[in-house]
Amino acid sequence: MATRGGPMVLGTDGADFEHRQRVAEHYQISALNKSRLKYCIFFHYLLFFVMLAKLSADILDRLDIFILEIEELQIPQPLWWEYFWCLSVLLSYFGLSAARKNKILDMQKYMVGLSTIGFIPLLYCFFFYLNDVMDYLYLDEETDIDDTDIFVWQVFGYPYGVLNYGFILMALQVHLFSLFFAWNLIKAWRSRGSITKKAQ
């Protein structure tokens with residue numbers, strides 16, 4: 001056992017242990033981005049439940065269930081993109097599974113799926129409500145919104161397009177950050193593989 005201030009092993013300055021104390025950079029990047037991706041997937045679930053609450057009136061109508069409180073909200077009829085976007089939550093299985101097992105192929109599936117099922121409905125919504133949002137933004141202060149063609153959700157008092165734009169903004173951020181962290185994970189896992197090959 002070494003004593004403080006005791007004799008030093010010849011050929012070393014006593015700092016040769018430092019290389020063993022560091023975690024390889026690609027492991028640090030992997031751990032950090034796994035954690036961040038899990039947060040993004042959590043926020044994706046939150047947005048999914050917001051959308052599910054919005055779709056609840058239509059779902060209950062299809063099941064022939066009448067709940068007065070929900071009917072009083074006068075929820076607008078859903079469009080196809082809302083149901084299609086809800087499918088994107090299923091992709092979280094690939095993302096979480098890939099993060100747990102360090103699987104590059106599953107993470108690539110997650111990224112491709114999110115790029116299509118996640119982004120395409122949001123882009124459709126963006127262009128679908130673009131005219132309403134532009135009309136609302138350039139509306140004169142004297143003009144009453146009820147005298148225009150802008151569709152207003154009476155419960156909230158805001159144009160439906162503006163509310164959808166708020167949803168789009170949040171969903172785009174979650175999806176973009178998810179793709180960014182997933183890409184960082186793939187790079188870290190590939191660099192780990194190349195280091196292993198070099199060592200062999």
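These exercises walk through one predicted protein model.

Local features here need pLDDT of at least 70, side-chain atom pairs count only at pLDDT 80 or more, and totals for chains, interfaces and linings use all residues. Residues are numbered from 1 along each chain as its sequence is written, and side-chain values use heavy atoms, leaving out hydrogens and water.

**Exercise 1. State the secondary structure of the chain and its order.**

Step 1. Take helices (H or I, at least four residues) and strands (E, at least two) as DSSP runs, numbered from the N terminus.
Step 2. Count them: eight helices and two strands.
Step 3. Read along the sequence: α-α-α-α-α-α-α-β-β-α.

**Exercise 2. Describe the largest nonpolar core.**

Step 1. Buried means under 20% relative accessible area, exposed over 50%, partly exposed in between (1.4 Å probe, protein chains only). A nonpolar core is a set of buried Ala, Val, Leu, Ile, Met, Phe, Trp, Tyr and Cys residues joined through side-chain atoms within 4.5 Å.
Step 2. Give its size: 23 residues. Met 51, Trp 81, Trp 85, Leu 122 and Phe 167 have the most contacts inside it.
Step 3. Find the suppliers. Helices H2 (25-62), H4 (80-86), H6 (104-128) and H8 (160-199) each give at least two residues to this core.
Step 4. Look for another. A second, separate core has 17 residues, including Ile 41, Ala 99, Phe 181 and Leu 185.

**Exercise 3. List contacts of Trp 85.**

Step 1. Contact means heavy atoms within 4.5 Å.
Step 2. Leave aside neighbours within four places in sequence.
Step 3. Read off the partners. Among them are His 44, Met 51, Ile 117, Leu 122, Phe 167 and His 175.

**Exercise 4. Examine helix H5 and the residue after it.**

Step 1. Locate H5 at residues 92-101.
Step 2. Pick out buried residues: Ser 92, Gly 95, Ser 97, Ala 98 and Ala 99.
Step 3. Move on to Asn 102, which follows H5. Its phi is positive, near 55°.

**Exercise 5. Compare the UniProt record with the model.**

Step 1. The unreviewed UniProt entry lists "transmembrane region" at residues 39-60, 80-99, 111-130 and 162-186. UniProt positions use the numbering here, feature names are shortened, and annotations may be inferred rather than shown by experiment.
Step 2. Check residues 80-99: 75% helix, 0% strand, end C-alpha atoms 31 Å apart.
Step 3. Check residues 162-186: 100% helix, 0% strand, end C-alpha atoms 36 Å apart.
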